[in-house]
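Thanks for coming, everyone. I have a short tour for you today, so please put the structure up.

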Amino acid sequence: MMRNLLILIAGLLLGAITTAYFLGAPRGQVLPGVPVRPPDPTVETTGTVAVTVDEKFFDSLLGTIFRQLGPPQLKLSQLPSGYQEQTPLQPVAFQISPCSDVLVLNPEGGNVKTGVRFTGGKITAPLAFTGSYSVLTRCVQFKGTAKATVDLSFDQAKQTVFGQLNVEDVTLDDVPPIVSSLVTAFVRKTIAEKLNPFEVLQVSQLALSLNVQASGGSVKARVKDVHAEVQEGSLKLYLTYDFSAEKK
């Protein structure tokens, strides 16, 4: 009885400390470039084209990944070595590790379908997942769902639009309360570190190069700025080009 009570207290302390440590940590890497903002109606839009993608596009893309490549698997983040040395509870909690320690993103689960949604002026990403982690000398199998928002940035040098997932809510199913906060922290940290930042669009593929024989030269166009407008069910990207010409 006393041993079980000590394990319970140790688990609660470890979960609370680890959660505080992880939630206070940076959200993965900093997004490259500058944030993508909505278009400014007062600014001249000459040389701008619009590209629209809808939710069905991402449903088809993710469906192909799940069917043909299999569910993405992310190795769960570990406790930093410095943190391991600072707490005497760590050897007790992690001395036996029969688990895969992997977070698996699934097509759906818990009435949530993994995807990308455009609504309310925001880009959101519902996620369904399963996984396992060694906690308190035993393997904890877990499943759940998460809700994340997506920030966009444009790196002109790399000619790429990047995205970043910001996990706001995590809901776990059938996970003992003693380790719930700990597993939630690991899920948040793993998604932030292993998925961010990610490429959304390489606008370099949309660069233009036109030969103008009558003028004896060529015209090139390179994207210099990107804005985005979230509509209901779709995302409209505004690409502003910088034109240049040279004689042959």
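Let me start with the largest pocket. Its biggest contributor is H2, which gives 6 residues to the lining. Please keep in mind that this is a predicted model.

How big is that pocket? The largest pocket has a volume of about 730 Å³. It is lined by 27 residues. Look for Phe58, Leu61, Leu62, Val116 and Phe198, because you will want a landmark: by the definition of lining used here, they are the lining residues closest to the centre.

Now the second largest pocket. It holds about 370 Å³ of space. Here 18 residues form the lining. Closest to the centre are Val36, Gly121, Val150, Asp151 and Leu152. Which element gives the most? That is S9, with 5 residues. S8 and S13, the strand at 217–231, each supply at least two, as does S9. By class, this lining has 10 nonpolar, 3 polar and 5 charged residues.

Let's step back to the whole chain. It has 5 helices and 14 strands. There are 248 residues, and 39% of them are buried. Now take contacts between residues at least 6 apart in sequence. Of these, 69% join residues at least 24 apart. The chain exposes about 14100 Å². Carbon and sulfur atoms supply 55% of that area.

H5 runs over residues 177–195, so please find it; that is 19 residues by the helix definition. From first C-alpha to last, H5 reaches 27 Å. That is close to the 27 Å expected at 1.5 Å a residue. Which residues of H5 are buried? The list includes Ile178, Val179, Leu182, Val183 and Thr184. Further along come Ala185, Phe186 and Val187. Lys189, Thr190, Ile191 and Ala192 are buried too. In an α-helix there are 3.6 residues a turn, so residues three or four places apart point the same way.

Go on past H5. The loop between H5 and S11 holds Pro197. The peptide bond from Asn196 to Pro197 is cis, with omega near -15°. Why mention it? Most peptide bonds are trans, and most residues other than glycine have a negative phi.

Asn111 is not a glycine, yet its phi is about 65°. You will find Asn111 in the loop between S5 (108–109) and S6 (112–113). Is Asn111 buried or exposed? It counts as exposed, because its relative accessibility is 86%, and the cut-off for exposed is over 50%.

The other is Gln159. Its phi is near 50°, again positive in a residue other than glycine. Gln159 lies in the loop between S9 and S10, the strand at 160–173. Where does Gln159 fall, buried or exposed? With a relative accessible area of 5%, Gln159 is buried, since buried means under 20%. So Asn111 is exposed, whereas Gln159 is buried.

That's my tour. Thank you.

Note on methods: Residues numbered from 1 in each chain as written. Predicted model: local features only at pLDDT ≥ 70, side-chain atom pairs only at ≥ 80, totals over all residues. Heavy atoms only, no water. 1 Å grid on protein atoms, 1.4 Å probe; cavity = no way out; pocket = protein on both sides within 12 Å on 5 of 7 lines; lining within 4 Å. Points joined across faces, edges and corners; volume = space filled by probe spheres on them. Helix = DSSP H or I, 4+ residues; strand = E, 2+ residues; numbered from the N terminus. Nonpolar A, V, L, I, M, F, W, Y, C, P; charged D, E, K, R; others polar. Expected span 1.5 Å × (residues − 1). Buried < 20%, exposed > 50% of the residue type's maximum accessible area, 1.4 Å probe, protein only. Contact = heavy atoms within 4.5 Å. Areas by Shrake-Rupley, 256 points an atom, 1.4 Å probe, with all protein chains shown as cover.
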